[in-house]
Amino acid sequence: MQQKDSKQPALKRTLGAFHLWGIAVGLVISGEYFGWSYGWAQAGTLGFLVTSVLVAAMYTAFIFSFTELTTSIPHAGGPFAYAYRAFGPVGGYIAGFATLVEFVFAPPAIAMAIGAYLNVQFPAIDPKWVAVGAYLVFMGLNLVGVGIAATFELMVTLLAIFELLVFMGVVSPGFSMANFA
């Protein structure tokens, strides 16, 4: 911790706005690649478009709500601090536990999705070993430092955006409204 003065400890700022943007956009893109694509099989392209618009509206409401909470209750506890203030110790415990569950299960799920994706591209690769390797890389990056991990995520996010733009450029000449609907 850095000292502001001899009585007031303060946290050192590690991430900037661009890092936070990269993390948020990376989460949405990884959801597109690994989670949302299952929705297309069930809903079809037009049905999935309607769902995506609803999800985008919910994300927007979430972002503005969370931003408002972080400015009105500046605390490192995140959802725990907000729920504790609003609902007391039990609400804070439930929100804190839900956040813990998310942080415990999300990295292995993302690692498994990476393994499954690479297995589709390269069937000889065992997805479980790729998942273990990806998990170890993520864990190592976080052990080295959150700034390094966020910079890595930012670079991956920028590469994913570039890939999506190339993909759109390649497939857009073959777009047909009949196929879309």
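A contact here means heavy atoms within 4.5 Å.

**Figure 1. Contacts across the sequence in the predicted model.** Among contacts between residues at least 6 apart in sequence, 46% join residues at least 24 apart.

**Figure 2. Secondary structure and overall extent of the protein.** Two strands and five helices make up the assigned elements, and along the sequence they follow the pattern β-β-α-α-α-α-α. The protein is more spread out than a compact globule, because its radius of gyration is 20 Å, well over the 16 Å that the globule rule gives for 181 residues. The C-alpha trace spans about 65 × 35 × 30 Å along the principal axes.

**Figure 3. Surface and burial.** The accessible surface of the protein comes to about 13300 Å², and carbon and sulfur atoms account for 74% of that area. Of the 181 residues, 17% count as buried.

Figure 4. The protein carries 6 positive and 7 negative charges.

**Figure 5. Helix H4, residues 146–171.** At 1.5 Å a residue, the 26 residues of H4 should span 38 Å; the end C-alpha atoms are 37 Å apart, which agrees with that expectation.

**Figure 6. Buried residues of helix H4.** Under the cut-off of under 20% relative accessible area, the buried residues of H4 are Gly 147, Ala 149, Ala 150, Leu 154, Thr 157 and Ala 160. An α-helix has 3.6 residues a turn, so residues three or four places apart point the same way.

Terms used:
Residues numbered from 1 in each chain as written. Predicted model: local features only at pLDDT ≥ 70, side-chain atom pairs only at ≥ 80, totals over all residues. Heavy atoms only, no water. Helix = DSSP H or I, 4+ residues; strand = E, 2+ residues; numbered from the N terminus. Rg over C-alpha atoms; globule rule 2.2 N^0.38 Å. Buried < 20%, exposed > 50% of the residue type's maximum accessible area, 1.4 Å probe, protein only. Areas by Shrake-Rupley, 256 points an atom, 1.4 Å probe, with all protein chains shown as cover. Lys, Arg positive; Asp, Glu negative; His and termini not counted. Charge placed at Lys NZ, Arg CZ, Asp CG, Glu CD. Expected span 1.5 Å × (residues − 1).
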